[in-house]
Amino acid sequence: MNDIIVSILIILGGGFAAIAGLGLLRLPDVLIRMHASTKAGTLGVGLIVLGVSVYFASSLVITKALLIIAFLFLTAPVGAHLIARAAYRRGIRLWAETRMEDAAMKTGSFPAKPTNENSPHPMVDHDLDESHHS
Amino acid sequence: MEFATNIALGLTAFGLVAGCIRMFKGPTAADRIVALDLVTILLVAVSSLLALRLDNSAYLDLGLALALVGFLATVGFARYLEISTQVPLDDEDAALQQGDTELKVPSREKL
């Protein structure tokens with residue numbers, strides 16, 4: 001019974017790790033890639049470490065495993081935030097289909113589908129490009 | 001049980017290889033930092049799976065130390081990228097710093 005739980009947990013965790021790698025490889029842009037790697041990677045490692053603590057089932061190992069999980073869950077968002085801030089301030093090029101609509105975001109009625117088909121790339125990195133290499 | 005551990009090790013190894021490919025060819029420096037972050041996190045997973053496979057709980061300590069060092073490396077590289085103006089962001093940025101503005105318009109469609 002224990003073995004079945006451990007097997008399910010570690011295979012689920014390995015699957016999430018593989019999905020994180022796949023997302024890092026296939027997604028189009030730094031900020032979107034960070035989305036895949038941080039969330040799916042942390043969840044995969046958490047599941048695997050949880051499976052290990054179920055397998056050993058001693059208080060020392062469970063303490064270590066909870067320490068690893070707590071540390072990862074605390075540091076992964078901080079690290080991702082720092083990378084995203086550095087990339088944004090250096091003026092990274094966004095994906096060509098990224099849209100920023102400030103007024104719509106403020107009123108909370110952000111359209112699910114972009115309505116302005118005439119200008120395909122509004123606001124994508126035009127003023128970011130000038131600022132970062134001066 | 002051992003079969004499940006092998007499957008999980010294989011899946012994690014796939015994630016590691018994908019992270020290494022992204023670190024090798026990532027177009028910007030920020031891509032490489034993200035890939036480094038994922039690779040260290042997945043190495044924690046590998047050391048935990050080794051603890052299962054070799055039936056030795058001491059490998060969990062290795063995972064804890066790796067998580068600490070990996071976080072410090074990520075923070076350090078991110079701060080360095082943010083502060084330094086010497087590191088070119090990618091090939092196009094390096095060309096721009098050398099005054100070659102012709103590259104700018106055509107390669108914007110690259111992503």
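Modeller: Here are some questions and answers on the two chains.

This is a predicted model, in which local features need pLDDT of at least 70, side-chain atom pairs count only at pLDDT 80 or more, and totals for chains, interfaces and linings use all residues. Residues are numbered from 1 along each chain as its sequence is written, while chains are lettered from A and ligands numbered from 1 in the order in which they are written.

Colleague: In what order do the elements of chain A run from the N terminus on?

Modeller: Helices (H or I, at least four residues) and strands (E, at least two) are DSSP runs, numbered from the N terminus. Chain A has 5 helices and 0 strands. From the N terminus on, that reads α-α-α-α-α.

Colleague: And how many helices are there in chain B?

Modeller: Its elements run α-α-α-α from the N terminus on. There are 0 strands, and the helices number 4.

Colleague: What percentage of the residues of chain A count as buried?

Modeller: A residue is buried if 20 or more other C-beta atoms lie within 10 Å of its own, exposed if 12 or fewer, and partly exposed in between, with C-beta atoms placed from the backbone. In chain B, buried residues make up 40% of 111 residues. For chain A, with its 134 residues, the figure is 37%.

Colleague: Which element gives the largest share of the side of chain B that touches chain A?

Modeller: Two residues are in contact if their C-beta atoms, placed from the backbone, lie within 7 Å. The contact takes 51 residues from chain A and 47 residues from chain B. Helices H1 (2–25), H2 (29–54), H3 (59–83) and H4 (91–97) of chain B each supply at least two residues of that side of chain B. The largest share, 15 residues, comes from H2(B).

Colleague: Which residues have the most contacts inside the largest nonpolar core?

Modeller: A nonpolar core is a set of buried Ala, Val, Leu, Ile, Met, Phe, Trp, Tyr and Cys residues joined through C-beta atoms within 7 Å. The largest has 57 residues, and those with the most contacts inside it are Ile48(A), Ile83(A), Ala30(B), Ile33(B) and Val34(B).

Colleague: Which residues is Ile83(A) in contact with, leaving aside its neighbours within four places in sequence?

Modeller: Ile83(A) is one of the buried residues of H3(A). What covers the buried residues of that helix includes helix H2 (30–56) of chain A together with H2 and H3 of chain B. With those neighbours left aside, Ile83(A) is in contact with Met34(A), Ala30(B), Ile33(B), Val34(B), Thr74(B) and Ala78(B).

Colleague: How many residues of H2(A) are buried?

Modeller: H2(A) reaches 38 Å from its first C-alpha to its last, close to the 39 Å expected at 1.5 Å a residue; that expected span is 1.5 Å times one less than the number of residues. The helix is mostly covered, and of its 27 residues the buried ones number 20.

Colleague: Is Ser53(A) buried or exposed?

Modeller: Ser53(A) has its place in helix H2 of chain A. Leaving aside its neighbours within four places in sequence, Ser53(A) is in contact with Val61(A), Ile62(A) and Ala65(A). Because 24 other C-beta atoms lie within 10 Å, Ser53(A) is buried.

Colleague: Which residue just after H2(A) takes a positive phi?

Modeller: H3(A) is followed by Gly91(A), whose phi is positive, near 80°. Just after H2(A), the phi is positive too, about 55°, and the residue is Ala57(A).
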